[in-house]
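Hi everyone, thanks for making time for this one. I'd like to walk you through a structure, starting with the overall fold and then stopping at a few residues. Please have it open as we go.

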Amino acid sequence: MVFSSNIFLFAFLPAFLAVYYLLPFRVKSAWILLGSYALYSWWRLDFLWLLIAVTAAAYLFALAIARAEGRQRFLLLTVAVLLNLCALGYFKYANFGIESFNAAITAVGFQPFSWSPILLPIGLSFFVFHAISYLVDVYREEEPPTHNPLDFAAFIALFPHLIAGPVLKYNLLAGQFRARTHTLEKFSYGATRFMTGFAKKVLIADSIAPLVKAAFETPNPTFADSWLGALAYTLQLYFDFSGYSDMAIGLAAMMGFKFPENFNHPYISRSITEFWRRWHMSLSSWLREYLYIGLGGNRVGRGRTYVNLFLTMLLGGLWHGANWTFVLWGAWHGGILALERRMKEAQLWKPSPAWLTIPGTLLLVMLGWVMFRADNVPDALRMYRGMFGLNGLGLSDTLAWQVRGSELVTMVLAVVLVYVAPWWGSRVGDVGGQLLRPRAATAATLALMPLFVLAILKLSAQSYTPFLYFQF
């Protein structure tokens, strides 16, 4: 069950919220846990055990780490993290490993291994990261271990962020589980934020999706084919994932929680370094705190700092999916981050006007998104050949007949929103996820209502379109 579905909108969510608000505060966590498990089980009941096992292991190991002393603390942390990584590795990377191994041995004349493909549990990457961050925080004594297993289980399973983030630290919500307010203002803000994300997903991302699919499946894309497809995917991915994040933040607010922002207008960035401060901010923060710093950060010399930046993004790319395309995408961003840092340290980085740096950064991002979107490396290289004009310049007949006027209009609207939203947000007061001013909130709700209804109608008429980040 996904947020952008009729069963969620008209059955699960109203029933969940109705009971939630009728219950006394002391049992709200139990209801959150029950509802979240029910939502997760809607996909596959047999994988609920994995979510429960990860939760129970993190809770028990954290208590043991807090009681232990000396090297035993590190040993317990190592075992706990390895157990989480083993679960992630088996379900997410076993297929990739066996396929890569088979490709290598087949190339030298050996017979490939036969195996049954392993199904990836939905949301695994996210709830494993939540568990690891909690364990590391307890080990670092940045967060005392909780003695309330119900609140902790509810945090891990909290359905607004369970499937596709944001990636949250337990200490951000620990106090809110103990005490939080439920006000009409907060609920109204949450509903408005949810409707915003829903409209972004259904009206923009889903409308562009057929064009993206057609462009990336074109056999020999031309210059126009490739760049149109790359731009369409750049917009689709942003409005799909930022739309999901808006919906998650809105759902949390309706339940009295405050989630941190996950996007801050990333396509106005003036460098790749700034881009990663604005895009998927919760993941960027997690990678910096638990991977980059764990590798030594910038405390181990200049050369190692560049290596650590590169490795962090390389592993961050692999986290997104078991495919060489994600590894290369991570390497692309890691290499640019290291280069930007080197240029700044060597004082070779000079301030440039926005009209030059914003398009330049977006160009680098779009080139990376092609590898991110492609099914495999040869498909990505095929798109790159088209982007360099090696297959002709004009729109090909193969793609031209599949391009609809409504898709192009939606893309233009999306571009306008990308560059108008930062200015508009500062005008109406929705900066950093703060509650809108009363008049602005009323205006936003009134403007969103017809769009929300239109999105529901479109949702009812279209085929199933899951969020893009569900695959990760």
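So, the secondary structure first: the protein chain has 19 helices and zero strands. Please keep in mind that this is a predicted model.

On overall dimensions, the C-alpha atoms fill a box of roughly 65 × 60 × 55 Å along the principal axes. A compact globule of 472 residues would have a radius of gyration near 23 Å, and the protein chain has 23 Å, so the two agree. Of the 472 residues, 53% are buried. Contacts also reach across the sequence: among those with a separation of 6 or more in the protein chain, 77% are between residues 24 or more positions apart.

Now let's go inside. The largest nonpolar core has 140 residues, and Phe8 and Trp369 are the ones with the most contacts within it. Which helix gives this core its largest share? That is helix 10, residues 223–254, with 17 residues. If you click on Trp369, you'll find that, leaving out residues up to four places away in sequence, this tryptophan touches Tyr233, Thr234, Leu237, Tyr267, Phe275, Trp279 and Trp329.

Staying with helix 10, have a look at Asp225, which is found in that helix. Is this aspartate buried or exposed? With a relative accessibility of 0%, Asp225 counts as buried. Beyond its neighbours up to four places away, Asp225 touches Ala215, Thr218, Gly394, Leu395, Ser396 and Leu399. Asp225 and Met383 are 158 residues apart in sequence, yet their C-alpha atoms are 8.7 Å apart in space.

Next comes the loop between helix 10 and helix 11, where I'd like to show you two residues. One of them is His265, which sits in this loop. Its phi is near 50°, a positive value in a residue other than glycine. That deserves a glance because most residues other than glycine have a negative phi. His265 counts as partly exposed, because its relative accessibility is 24%. The other is Ser271, also placed in the loop between helix 10 and helix 11. Ser271 has a relative accessibility of 7%, so this serine counts as buried. Setting aside neighbours within four places in sequence, Ser271 is in contact with Glu340, Trp349 and Thr361.

Moving along, the loop between helix 11 and helix 12 holds His280. Here phi is near 45°, again a positive value in a residue other than glycine. His280 is buried, with a relative accessible area of 0%.

That brings us to helix 12, residues 281–292. Why can we call this helix largely enclosed by the rest of the structure? Because ten of its twelve residues are buried. Among them are Met281, Leu283, Trp286, Leu287, Tyr290, Leu291 and Tyr292, along with Ser282, Ser284 and Ser285. What do the buried residues of helix 12 pack against? They pack against helix 5 (124–139), helix 11, helix 13 (302–320) and helix 14 (324–345).

That's the tour, and I'm happy to go back to any part of it.

Technical notes
Residues numbered from 1 in each chain as written. Predicted model: local features only at pLDDT ≥ 70, side-chain atom pairs only at ≥ 80, totals over all residues. Heavy atoms only, no water. Core = buried A, V, L, I, M, F, W, Y, C linked by side-chain atoms within 4.5 Å. Buried < 20%, exposed > 50% of the residue type's maximum accessible area, 1.4 Å probe, protein only. Helix = DSSP H or I, 4+ residues; strand = E, 2+ residues; numbered from the N terminus. Contact = heavy atoms within 4.5 Å. Rg over C-alpha atoms; globule rule 2.2 N^0.38 Å.
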